[in-house]
Amino acid sequence: MNEQLAAYSTSTGEAFQFWVLGTVAVIGALCTVFMKKAVHSALCLAGTMIILAVFYLANGAYFLGVVQIVVYTGAIMMLFLFVVMLVGVTAADSLKETIKGQRWLALLCGLGFGILLVAGIGNASLTEFNGLAQANANGNVEGIATLLFTKYVFAFEITGALLITAAVGAMVLTHRERTERAKTQRELAEERVREGKHLPPLPAPGVYARHNAVDIAGLLPDGTPSELTVSKTLRERGQIRDVSAEAISDLKALEQRSEDRLERTNSGEASK
């Protein structure tokens, strides 16, 4: 009797957890859609997946919770982030409409999905609750397998087909067909000579003990930074740290200390 009453009631802790984490999950999902940078969207999606895993664990679906964290949040999201970094997706690329009318089609699909979701929730009716004890009577993994391969096998197969289609579509969209032959090193060197570009190898970036050498421009003999020593990508992102003034002041201080030491040495020798 107590188990049946527990299945129909919700404790204060469960309600608090649902409303707090549910709000954060919805905000993360909205940020996934409306963020301008793809990396930020992926991080928001990872946070939403982690909250879903917490919901699974709170409802006794321990296997689903662990799979949600290990497989989806750990493996798939990390793979997505690596793909974003390798492909180099930027905000400018995301605004380019490669298929005509895709925004209106996406809007219609989203509207249709919303109508189906509202209709499904409105027609849903639950009169009896089995409870966690009955659902996990033979084990959480066995209970999930029974539902997936009996009652929900058709939906499970459709979802798998959609995921495969999405993976193939992502591969097709990110593939860039080469339209011309790649130039050899000799051809590139001859092209630099004809155009009068920088002929010798590029200078190395500045090396400082307390800074990362990649994002700091090297200094020329007059103390000014050389733009050729840093990556063009870092320069466009605004991630270059300019330490030219700091370096020049350090050099001046070092020269002053050297001069003072030489003067003291010379004066000491003269007194002898």
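**Entry 1: overall make-up**

In what order do the elements of the chain run from the N terminus on? I read them off as α-α-α-α-α-α-α-α-α-α-α-α, and my tally for the chain is 12 helices and zero strands. I note at the outset that I am working with a predicted model.

I then looked up the confidence values, and found a mean pLDDT of 75 for the chain, with 72% of its residues reaching 70 or more. By element, helix α2 has the highest confidence in the chain, at a mean of 87, whereas helix α5, covering residues 91-94, has the lowest, at a mean of 50.

**Entry 2: burial, contacts and surface of the chain**

I looked up how much of the chain is covered, and of its 272 residues 13% count as buried. For the accessible surface I have a total of about 21,900 Å², and 66% of that surface belongs to carbon and sulfur atoms. Turning to contacts in the chain between residues at least 6 apart in sequence, I found that 49% of them join residues at least 24 apart.

I went to serine 41 next, which has its place in helix α3, residues 38-58. Its relative accessibility is 10%, and because buried means under 20%, serine 41 counts as buried. Which residues is serine 41 in contact with, leaving aside its neighbours within four places in sequence? I listed Cys31, Thr32 and Met35.

The other residue I looked up here was glutamine 68, found in helix α4, which counts as buried at 9% relative accessibility. With its neighbours within four places in sequence again left aside, glutamine 68 is in contact with Met49, Leu52, Ala53, Tyr56 and Thr73.

**Entry 3: aromatic pairs**

How many aromatic pairs does the structure hold? I have three on my list, and I bear in mind that a pair of aromatic rings is described by the distance of the centres and the angle of the planes.

Phenylalanine 149 and phenylalanine 156 form an edge-to-face pair, with 5.8 Å from centre to centre and 70° between the planes. Of these two rings, phenylalanine 149 counts as exposed, at 53% relative accessibility, and phenylalanine 156 counts as partly exposed, at 36%. I noted, too, that ring pairs link Phe18, Trp19 and Phe55 into a cluster.

**Entry 4: a nonpolar patch on the surface**

Which residues form the nonpolar patch on the surface? I wrote down Leu57, Tyr62, Val66, Ile69, Val70, Val71, Tyr72 and Ile76, which together have about 690 Å² of accessible area. Helix α4, residues 62-87, gives the most to this patch, with seven residues. I looked up valine 66 as one of the residues of the patch; valine 66 is found in helix α4 and is partly exposed, with a relative accessible area of 49%.

**Entry 5: salt bridges**

A search of the whole structure gave me two salt bridges. In one, lysine 183 is joined to glutamate 191, and the closest N and O atoms are 2.9 Å apart; lysine 183 is partly exposed, with a relative accessible area of 48%.

In the other, the side chains of arginine 186 and glutamate 190 meet at 3.3 Å, N to O. By how many residues are arginine 186 and glutamate 190 apart in helix α10, residues 185-195? They are four residues apart in that helix, and are therefore separated by about one helical turn. Arginine 186 is exposed, with a relative accessible area of 63%, while glutamate 190 counts as partly exposed at 35% relative accessibility.

Key
Residues are numbered from 1 along each chain as its sequence is written. This is a predicted model: local features need pLDDT of at least 70, side-chain atom pairs count only at pLDDT 80 or more; totals for chains, interfaces and linings use all residues. Side-chain values use heavy atoms; hydrogens and water are left out. Helices (H or I, at least four residues) and strands (E, at least two) are DSSP runs, numbered from the N terminus. Buried means under 20% relative accessible area, exposed over 50%, partly exposed in between (1.4 Å probe, protein chains only). Contact means heavy atoms within 4.5 Å. Rings of Phe, Tyr and Trp (its six-membered ring) pair if their centres lie within 6.5 Å; planes under 30 degrees apart count as stacked, over 60 as edge-to-face and the rest as tilted. Accessible areas come from the Shrake-Rupley method with a 1.4 Å probe; for residues, only the protein chains shown count as cover. Patches are made of residues with over 30% relative accessible area and no salt bridge: like charges are joined within 9 Å, nonpolar side chains (Val, Leu, Ile, Met, Phe, Trp, Tyr) within 5 Å. A salt bridge is a side-chain nitrogen of Lys or Arg within 4 Å of a carboxyl oxygen of Asp or Glu. pLDDT is the predictor's confidence in each residue, from 0 to 100.
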